[in-house]
Amino acid sequence: AALGLTAYAIWQHEPVVIIELRRLHDGLGTVWQCDGLYGHANEIVPMDVGKEVCRRLRQRGVVTISQSYAPDVPEDLVMKHMRVEQMLYLALASG
């Protein structure tokens, strides 16, 4: 990212996870947002690993922002129409 708005980190445990981070600024300070979790060859990151990565990122001040939806909306509609990535769905599912 030429403007320095995106960075990547590597979770160096098994399985290895590539973490996409986006730099946000609210006029007062900078915060990093976890924008995606990617496994080897873009494989889906296992749910338990994703939860642990997100937990560790939160401990370091990295936020995860997700879209919300009404609890009675079927899961398949959420995944299809909101284009919710696996990492963001993880945040919703773990509530």
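**View 1. Q33, a buried residue of strand 3.** At a relative accessibility of 10%, Q33 counts as buried, a term that stands for under 20% relative accessible area, with exposed meaning over 50% and partly exposed the range in between (1.4 Å probe, protein chains only). Q33 lies in strand 3, which spans residues 30-38; strands here are DSSP runs of E with at least two residues and helices are runs of H or I with at least four residues, both numbered from the N terminus. When neighbours within four places in sequence are left aside, Q33 is in contact with E20, L21, R22, L24, V62, V63 and I65, where contact means heavy atoms within 4.5 Å. This is a predicted model, in which local features need pLDDT of at least 70 and side-chain atom pairs count only at pLDDT 80 or more, whereas totals for chains, interfaces and linings use all residues. Residues are numbered from 1 along each chain as its sequence is written, and side-chain values use heavy atoms, with hydrogens and water left out.

View 2. A41 is exposed at a relative accessible area of 66%, and N42 is exposed at 64%. The phi of A41 is near 55°, a positive value in a residue other than glycine, and that of N42, also a positive value in a residue other than glycine, is near 65°. Most residues other than glycine have a negative phi, and most peptide bonds are trans. From C-alpha to C-alpha, N42 and I18 are 8.8 Å apart in space, although 24 residues apart in sequence.

**View 3. The cis peptide bond between E14 and P15.** The bond that joins E14 and P15 is cis, with omega about -5°. P15 is placed in the loop between strand 1 (6-11) and strand 2 (17-25).

**View 4. The whole protein, as context for the close-ups.** The protein has three helices and three strands, and from the N terminus on its elements run β-β-β-α-α-α. Of its 95 residues, 25% are buried. Among contacts with a separation of 6 or more, 40% come from residues 24 or more positions apart. The accessible surface comes to about 6600 Å², of which 54% belongs to carbon and sulfur atoms; accessible areas come from the Shrake-Rupley method with a 1.4 Å probe, and for residues only the protein chains shown count as cover.
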